[in-house]
Amino acid sequence: VYPLAPLLLLAWWALSLAQADPNATPTIQLRLAGDKRKHYEGRLEVYHSGEWGTVCDDDFTIYAARVACRELGYLDAEAWTPSAKYGQGQGRIWMDNVNCQGNEKSLALCNSNGLGVSDCKHSEDVGVVCTQKRMPGFKFVSNVGNNLEDMTVQVEDVRIRATYSQRKRVPVTEGFVEVKDGGKWRQICSQDWTPLNSRVICGMYGFPGEKGYNARGYKLLAKRRKKNYWGFGVNCTGTEADLSDCKLGRQVELKGNGTCEQGMPVVISCVPGRAFAPTVSAGFRKAYRVEQPLVRLRGGAVIGEGRVEVLKNGLWGTVCDDNWDMKAATVVCRELGFGSAKEALTGARLGQGIGPVHMNEVQCSGFEKSLTECAFNSEATGCGHEEDAAVKCNIPAMGFNSRLRLSGGRNPYEGRVEVLAERNGSLTWGAVCSDSWGTMEAMVVCRQLGLGFADNAFQETWYWQGEPSAEAVVMSGVRCSGTELTLDQCLHHGKHLNCPKGGGRFAAGVSSAPDLVLNAQAVEQTTYLEDRPMYALQCAQEEHCLSSSATGASSTSYRRLLRFSSQIHNNGRSDFRPRSGHQSWIWHECHRHYHSMEVFTHYDLFSLNGTKIAEGHKASFCLEDSHCEEGIQKKFECANFGAQGITTGCWDTYRHDIDCQWIDVTDVKPGDYIFQVVINPNFEVAESDYSNNIMKCRCRYDGNRIWMYNCHIGMIITLQTFFI
């Protein structure tokens, strides 16, 4: 019998080889790493054959980014970035010349040179920016074997599940931690749980810190509840801004009722900032103002966002964005009583400050009590306000918008202001007196409702029919400084109402602002070069749409034009209208049309060091609704001297084949460049968000053809801030 054993083993091995599929898809795992400024972006890294590596940017496209983001559990991709924007990785470059259709289930299914076949350097490591929303029903599957210590947490969602006695508290600060994986909520075993993990979860929910809790009650409750544990632990350092940045802990053996025998479901208790102190049902009652803050936020339209400013020697100044990262941003957010940072913003995205720049090249460990405790380079110079750093912070769910509403408007973003107030022992909706009502008060209303900046404050609202049951005035004498989080916090008459005009037609009202956003992919897909003779460009020359070298050029000479289409969407809460009325519009005889805004967009071409190489500008030949989302009617049409503007939910398309929809690149040499478009560059019309008015692309010009790629909404390029 024994001599047959080697023969049987050999036969089994041969059969295994015969059955193996040489075309089988290799098993990989993805993660986002590097110097992030928001948790859903980063350097794309691949795990294969026991080793983490990177992906080269050669031939990478938005379609490959979409595949990668979906494989990571995000709904889609917003953009991709070449040239190691998130820092250079280490180890192997696993994938090169990746070519995806966009519908593949895994990056491994896309065409490439093959795993491990690359001629790239880590200076070419690609990065991706995914959408913040996660994929419903996403289930994490580990393909890294026992090497979990380098794998980040990838789940659909996370929540603090309050007990019945805690659910009426606003905000909810304590409860069981649950993660959503595979469409089901699951508990985490507490055996390896640490306070550092709790600190990260609390930060995600808008709380600056964590504290202890009475474990006895939770143990009794856990024994009575049916448990469904997640199969992994969590290992955070405490400096992460989001659970997705934490590493996986050890794998948990799932064995029914015997799972997590030495522990229980994780419970956390968070410490809210003093402005968000919990109350029963009513939300917080009044504002808390720090007596002598050393750090503040300015220029943000919503709670917890703004440009970072620091007090030094009695003078407020800004922080330079060199090395500005999520750790520093989170220190700021926690210091101000918010949670961790949602995003570390650079390039003066929330406006330029004034005064000195107090801090540059800030480096925080993540555990500092104040930004002023972080190290920084006091010798660094040359930082201007175009590099002012800003933050967006996580804030607690306070239910602010449940006590305030807009009524009677044409859309949900305008109307009479109605508040829920206590009258005769019960809560009732009522109007706000419009005496002294102005922009500051309207700003607070829009902030409380999360609508961005206010466009107008109205003292007469007869054209808006509010709720008949809310005609009576329940708040009068409202005076806001503009920094309050809710209308309740503003000065007002309280129960002693005084409103001679009464409510009705004189009730206070607001409208929020429009928000223009350029369709980046439309630019990328419609770019081309055209050589056009000067005799066909006389009107464009009159409107200064050609470079200076065209002056005096022969009518038979040619200009090389970089053409593209612009599709400009109004994603805001009100219609975008020119500031000037019909009577102020300028007639241009050559093109025979009116300009309602003399400069509507800027087009610029930059070298890689930020030097402007070529430029163009476009007046608003005609702002109109080219197309609208389903169910929205067009309002603006330029024919017959009609009204100009862009309706909410509509977009205006400037086709590539109309005059001045170009940059004159006749004098540009072959090379790599940055193309930038800025909408509403002079801020002539108020918008709820100016940070998304800028689009930039990488482009390569070889003297005959041009390639436009990686077009995405970004920051204005300056010499100092390029590629940040």
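Me: Let's start with Asn97: what is its relative accessible area, and what does it count as?

Reply: Keep in mind that this is a predicted model. Asn97 has a relative accessible area of 24%, so it counts as partly exposed. For reference, buried means under 20% and exposed means over 50%.

Me: Where does Asn97 lie?

Reply: In the loop between strand E5 (93-95) and strand E6 (127-130). Its backbone is worth a look too: Asn97 has a positive phi of about 50° although it is not a glycine.

Me: And what about the phi of Asn323?

Reply: Asn323 isn't a glycine either, and its phi is positive at about 65°. You'll find Asn323 in the loop between strand E18 (315-319) and helix H5 (326-335). With 43% relative accessibility, Asn323 counts as partly exposed.

Me: OK, zooming out. How many helices and strands does the chain have?

Reply: There are 8 helices and 41 strands. The chain runs to 724 residues, and buried ones make up 54% of them.

Me: How much of the contact count comes from residues 24 or more positions apart?

Reply: They account for 71% of the contacts in the chain with a separation of 6 or more.

Me: Switching to helices. Which residues of H4 are buried?

Reply: In helix H4 (residues 215-224) they are Tyr218, Leu221 and Ala222. These residues cover an arc of only 100° around the axis, so they sit on the same side of H4.

Me: Why would residues three or four places apart point the same way?

Reply: Because an α-helix has 3.6 residues a turn.

Me: What's on the face of H4 turned away from its buried side?

Reply: That face carries the exposed residues Arg216, Lys223 and Arg224. As for the buried residues of H4, their cover includes strand E9 (174-181) and strand E14 (267-271).

Me: What caps the N-terminal end of H4?

Reply: Asn214 does, with a side-chain oxygen 3.2 Å from the backbone nitrogen of Arg216.

Me: Now H6. How many of its residues are buried?

Reply: Helix H6 (residues 439-449) is mostly covered, with 9 of its 11 residues buried. Among them are Glu441, Arg447 and Gln448, along with Met443 and Leu449.

Me: What covers the buried residues of H6?

Reply: The cover includes four strands: E22 (404-408), E23 (414-423), E25 (454-458) and E27 (509-512). Just after H6, Gly450 takes a positive phi of about 70°.

Me: Salt bridges next. How many does a search of the whole structure find?

Reply: It finds 29. One of the pairs is Lys38 with Glu343, whose side chains meet at 3.6 Å, N to O. The partners are 305 residues apart: Lys38 is in the loop between strand E1 (29-33) and strand E2 (41-48), while Glu343 is in strand E19 (residues 341-345).

Me: Are Lys38 and Glu343 buried or exposed?

Reply: Both are buried. Arg505 and Glu460 also meet in a salt bridge, at 3.0 Å, N to O. In that pair, Arg505 is partly exposed at 42% relative accessible area, and Glu460 counts as partly exposed at 34%.

Me: What does the side chain of Thr647 make a polar contact with?

Reply: The side chain of Asp625, at 2.6 Å. Leaving out residues up to four places away in sequence, Thr647 touches several others, including Asn570, Asp575 and Phe636.

Me: Last one: which residues touch the most other members of the largest nonpolar core?

Reply: Of its 31 residues, those are Ile568, Phe576, Phe600, Leu605, Ile663, Phe675 and Met695. Elements that each supply at least two residues of this core include helix H7 (520-526), strand E34 (601-606) and strand E39 (671-679). In soluble globular proteins, nonpolar side chains tend to be buried together.

Note on methods:
Residues are numbered from 1 along each chain as its sequence is written. This is a predicted model: local features need pLDDT of at least 70, side-chain atom pairs count only at pLDDT 80 or more; totals for chains, interfaces and linings use all residues. Side-chain values use heavy atoms; hydrogens and water are left out. Buried means under 20% relative accessible area, exposed over 50%, partly exposed in between (1.4 Å probe, protein chains only). Contact means heavy atoms within 4.5 Å. A nonpolar core is a set of buried Ala, Val, Leu, Ile, Met, Phe, Trp, Tyr and Cys residues joined through side-chain atoms within 4.5 Å. A polar contact is a pair of N or O atoms within 3.5 Å; within protein, one must be able to donate a hydrogen and the other to accept it, and residues adjacent in sequence count only if both atoms are side-chain atoms. A salt bridge is a side-chain nitrogen of Lys or Arg within 4 Å of a carboxyl oxygen of Asp or Glu. The arc is that of the directions from the helix axis to the C-beta atoms.
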